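Hello,

Here is the structure for you to look through. My notes follow below it.

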Amino acid sequence: MSGTANVLIALAISLLALASYLRWWRVAQREHYEPGRLFVMAAIWCRAQPANLLALVAIVVLCLVGLKVPLVGLVGAVLWLLWPPGLALLRPSRRLVWTPRVRRLAAITVVLHAVVTGFFIAFGEAVALVPLLALPIAEVALLAAHPLENHLSRKFEVSAAAKIKQVGPRVVAITGSYGKTSTKNYAAHLIAGRWAVLASPASFNNVLGLARSVNDRLVPGTDVFIAEMGTYGPGEIARLCRLFPPEVSAITTIGEAHLERMKDRATIVRAKSEILEPARTVVLNVDVPELAEAADRDAATKRVIRCATGAGARADVVVRRDGAGWVLALGGEEHSVTLPAEVGHPTNVAIAVGLALALDVPEETILDRLATVPATPHRAETTTLDTGVTVIDDTYNANPEGAAQALARARSLVAEGGTVWTVSPGMVELGPEQARRNADFARAATAGDDMRLVIVGRTNRAALSAGEASRTQVFGNRDDAARHVMATASTGDVVLYENDLPDHYP
């Protein structure tokens, strides 16, 4: 093959590898630009469908052969552009959004790509290897961009911190493995009975999200700012607390969410507990042993409000079931209360009540406002259609305890002779517990003759197949699953949509 042909093939290989970054930039955006997550997502696609792993091995072999036969390397580059099947390069419905951050990431990636390609051309003409290095190059670009993004975000952080000092609201900080958003919404509703409240919107729970909330929405006259604080590891909440120093802090619970990232429960406890140190008052779910220990430990130096959900619990706030209704115990005095049907776990309500008490909201106000606490979108939202089918939208709920509760609610609503349909891709980021937890959920979702499980996608298909096979169906995507279920369900049935994975999952 002529030298000109080899140059053209090398250029084509480089351009094909360059085009493949469009896929991984979109994944990076969906994964909050966290370094390492591209490798994790690639591994998830390989585990979910062994054919993807075989295809990746074939691409490696073709690229290696391409060192000697450039045309074969070109074939490997084409296949890399298409890998993995199902993770679209360009997806019209949820396309890559060209934010300034993505543009900076793209620029860094292109520079790295050009350097690597130039090196291979200059020293040995090994351009056939470039597709194999595309994913590592994208990861290096994420690492390189990280300090730059921290520097660029600093001005927003400084502005938000200054505005907090200027307006002077009392800051309430909430974290937990799950239940943060619901608890925040409940607490904001209860506290608004006495104070002017601003709560961070939706799940804006990182540095930029909270800074934007303050810069755009905090106005003079705001008495209380409620900040939901999320974390993927130790140090992140401590940073948030330096920017938005809390007077009152709460931890809803410690669970298995983010075990994939933080590896063990002790690390999760350590990361979440950073929220307690700067606060003068802490509100804790003492049903969790580690939080009960934290409550005892902090009692000597802080005001501690203990919350629980069990009868006879030694706590300042207890919310528990009482037949078809609810009981709220405050300091041992019990009150029968009404809560909206969409209210999730009683722990979230108990923590919200504890936060209201910490801010001196009168008990009478709390009791009056409990019946109207707002539902949180996509968390146990219940609707009855004209067809008589009840739909529970629990698509933002991705933890084992919440899933079990949603399933129990679905069973409580189904009419006699009706069927409970559970549509789910399963739960993710549970680390070594993920397969077991999904299998347990599948068995629970197919435990009765009146129950059906509809598995969506491939991410947890193997684990979810542990349910009763005759009551289980599988669909490639949620739209197909929903069309089938809604066409099949009849009056009195309940359809539970449990979790919904982003489209960069298989």
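Helix H1 passes helix H5 in a right-handed crossing (the near helix is turned clockwise from the far one by less than a right angle). Helices (H or I, at least four residues) and strands (E, at least two) are DSSP runs, numbered from the N terminus.

This is a predicted model: local features need pLDDT of at least 70, side-chain atom pairs count only at pLDDT 80 or more, and totals for chains, interfaces and linings use all residues. Residues are numbered from 1 along each chain as its sequence is written, and side-chain values use heavy atoms, leaving out hydrogens and water.

H1 covers residues 3–30 and H5 covers residues 100–122. Their axes lie 11 Å apart, at an angle of about 150°. Axes are lines fitted to C-alpha atoms, for helices over the stretch in contact, and angles run from 0 to 180 degrees between N-to-C directions.

Now the sheet. It is open, has six strands and mixed pairing, and its order is S10-S11-S15-S12-S13-S14. Two strands pair if DSSP finds at least two bridges between them. S10 (381–384) and S14 (472–475) are the edges; each has a single partner strand, so one side of each is left without a neighbour in the sheet. The twist averages 15° from one strand to the next.

S12 (residues 420–424) and S13 (residues 451–456) are parallel, with five bridges. Thr-422 has Leu-453 of S13 as its bridge partner.

Helix H18 (residues 478–488) lies across S11, S12, S13, S14 and S15. H18 runs at about 170° to S15.

Best wishes

Conventions:
Contact = heavy atoms within 4.5 Å.
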